[in-house]
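Have the sequence and the model open side by side. The paragraphs below move from strands to backbone exceptions, then to charges and rings.

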Amino acid sequence: MTKVLLYQQVADDLRDLINQGVYLPGDKLPSLRALSVKRKMSIATIQRALEELEIVGLIEARPKSGYYVCFNNSTDAVIELPSMGMSMTMKPKSVKIHELASQIFHHCSEPNVINMGTSYPSSEFMPTPALQKISNQVIKHHMADIVEVQFSAGNTLLRDVLAKRMNEFGCQVSASDVIVTNGCLEALSVCLRAVAKPGATIALESPGFVGSLQLIESLGYKALEIPCHPVTGMSLEALELALEKWQISAVLVVPSYSNPLGSCMPETNRKLLVELLSTKDIPLIEDDLLGDLSFDGSRLKPCKAFDKKGMVLYCSSVSKTIASGLRVGWIAPGAYYKEVSYFKTFTNISAPQFSQIVVAQFYNSGKYDRHVRQLTAKIAKQVYQIQSLIRQHFPDGTQVSNPQGGCILWVVLPQDIDGHELHLKAIDMGIGIIPGQLSSATNKFDHCIRINCACDPKIDMQGSIKTLAAIASELLVK
């Protein structure tokens, strides 16, 4: 991993020198040996960095001569998006947010902090009594299955239940097509490793899910941020332009109630997205973690429902609906089953049997759909309450998202307010929120914050939002 990060750093530094005009179009770059000596790195590392710049069309190799800056060498794609009323600059970017993200998540999880940051629903929303009863029965009757590790794609009963549920919303999969994972984040990680090599470019929504950006950083990829409409999700227009300019290895999308924007891609767009990528044989990694959490009880078809070539790798989990601590997720990887199975097996052999059996029996109890209806009603109530408080008390010019599902609110503050500074001052006052800097590799959202509305309903929500608003007003004046 260190070597991957080293060559990426060299490539980024050379890219910056070219963009700054230190090396002009037609100029010859220093030789491999010269760069190797100057940076005290191996020639192989320098070679890999130059190949990275050559792939994106910034430099070109001339036989027996060396590397030269291309005359048409702009690495930025500036696109106009009339439908979104904006223009945006896109280019692949190394992600460097993990250290900051770890600090912020640690702050939000401290015992004396009201956690409105991390996006897991409070245990108050979970079906704890039903899970307790099922767990006791599982321990009583399935101890042999629990204590012995099983080299498998997952518990047979659970995979059958999951396949049936996926078929109910349009996905043609069988139990043998499903691989159980330890949560959705592991599912995304395994899928990324299965479809892309280190150094590859992964396209994803902007603003994007911080967990996806952390994965891209940890696996040595580059992120290409595609603008996301607050209502309809990823701009297909922008994605199509990006596909023309960049060599994209995979697209990662959260079509239903995206984190953090809360957008929901219409089914027509989902079908168009699958068709667009299918014609180019580019895999689509679909994060459908929040697909069941619609406030009006509807359930849109996932992108996987429109997949005819097996190019969609579907990922989900029960972390937002049944219990985050059970760590049960799954993948329907389509044509990439063999690759995904390989990486999953050598990551941790298999998911724990106890959690899998508990989840399977909760689904089979017939209580899931009723529980989700109650869950979404409670979350929607808190979303609307916090929205109203933000509109009442935050400084003029503040905008707040209006999701129709999920549990996240995205708050756009006046430009002069720094989201990270607001986070730090809020932590001092005992309130945890997530600054917008973590939703991008390019610091585009430093005046935004993310708020989890599925926090403990017993907290003083009105007092917390008033405190955040007071801090925001103080920063604005300052």
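What follows is a walk through selected local features.

This is a predicted model, where local features need pLDDT of at least 70, side-chain atom pairs count only at pLDDT 80 or more, and totals for chains, interfaces and linings use all residues. Residues are numbered from 1 along each chain as its sequence is written, and side-chain values use heavy atoms, with hydrogens and water left out.

Five of the six residues in strand 11 are buried. Buried means under 20% relative accessible area, exposed means over 50%, and partly exposed lies in between, with a 1.4 Å probe and protein chains only. Two strands pair if DSSP finds at least two bridges between them. Strand 8 (residues 201-206) runs parallel to strand 11 and is joined to it by four bridges. Here isoleucine 202 stands opposite alanine 250. Strand 12 (residues 284-287) also runs parallel to strand 11, with three bridges. Valine 253 faces glutamate 286 in that pairing, standing opposite it.

Now look at the loops. Most residues other than glycine have a negative phi, and most peptide bonds are trans. The exceptions deserve a look. The bond from serine 206 to proline 207 is cis, with omega near 5°. Proline 207 lies in the loop between strand 8 and helix 9 (210-218). The bond from asparagine 259 to proline 260 is cis too, with omega near 20°. Proline 260 sits in the loop between strand 11 and helix 11 (267-279). Aspartate 281 is not a glycine, yet its phi is positive, about 55°. Its loop runs between helix 11 and strand 12. Aspartate 281 is partly exposed, at 48% relative accessibility. Arginine 327 also has a positive phi of about 55° without being a glycine. Arginine 327 lies in the loop between strand 13 (312-317) and strand 14 (329-332). Its relative accessible area is 27%, so it counts as partly exposed.

Two bridges pair strand 15 with strand 16. Glutamine 399 has valine 412 in strand 16 as its bridge partner.

Next come the charges. Side chains of opposite charge can pair when their charged atoms come close. The whole structure holds 15 salt bridges, each a side-chain nitrogen of Lys or Arg within 4 Å of a carboxyl oxygen of Asp or Glu. One joins arginine 39 to aspartate 13, with the closest N and O atoms 2.9 Å apart. Arginine 39 is in helix 2 (residues 32-39) and aspartate 13 in helix 1 (residues 2-19), so the pair ties together parts 26 residues apart in sequence. Another salt bridge links glutamate 186 and lysine 344, at 2.8 Å from N to O. Glutamate 186 belongs to helix 8 (residues 183-195) and lysine 344 to helix 12 (residues 337-348), so this pair ties together parts 158 residues apart in sequence. Glutamate 186 is buried, at 12% relative accessible area. Lysine 344 is buried as well, at 3%. Aspartate 292 and arginine 299 also meet in a salt bridge, 2.8 Å from N to O. Salt bridges with shared partners join Arg165, Asp288, Asp292, Arg299 and Asp369 into one network.

Finish with the rings. There are six aromatic pairs. Rings of Phe, Tyr and Trp (its six-membered ring) pair if their centres lie within 6.5 Å; planes under 30 degrees apart count as stacked, over 60 as edge-to-face and the rest as tilted. Phenylalanine 362 and tyrosine 368 have centres 6.5 Å apart and planes at 85°, so they are edge-to-face. Both residues are buried. Tryptophan 410 and phenylalanine 445 are edge-to-face too, at 5.8 Å centre to centre and 75° between the planes. Tryptophan 410 lies in strand 16 (residues 408-412), and phenylalanine 445 in the loop between strand 18 (434-435) and strand 19 (448-452), so the pair ties together parts 35 residues apart in sequence. Both of these residues are buried. Elsewhere, ring pairs link Tyr342, Phe343 and Phe346 into a cluster.
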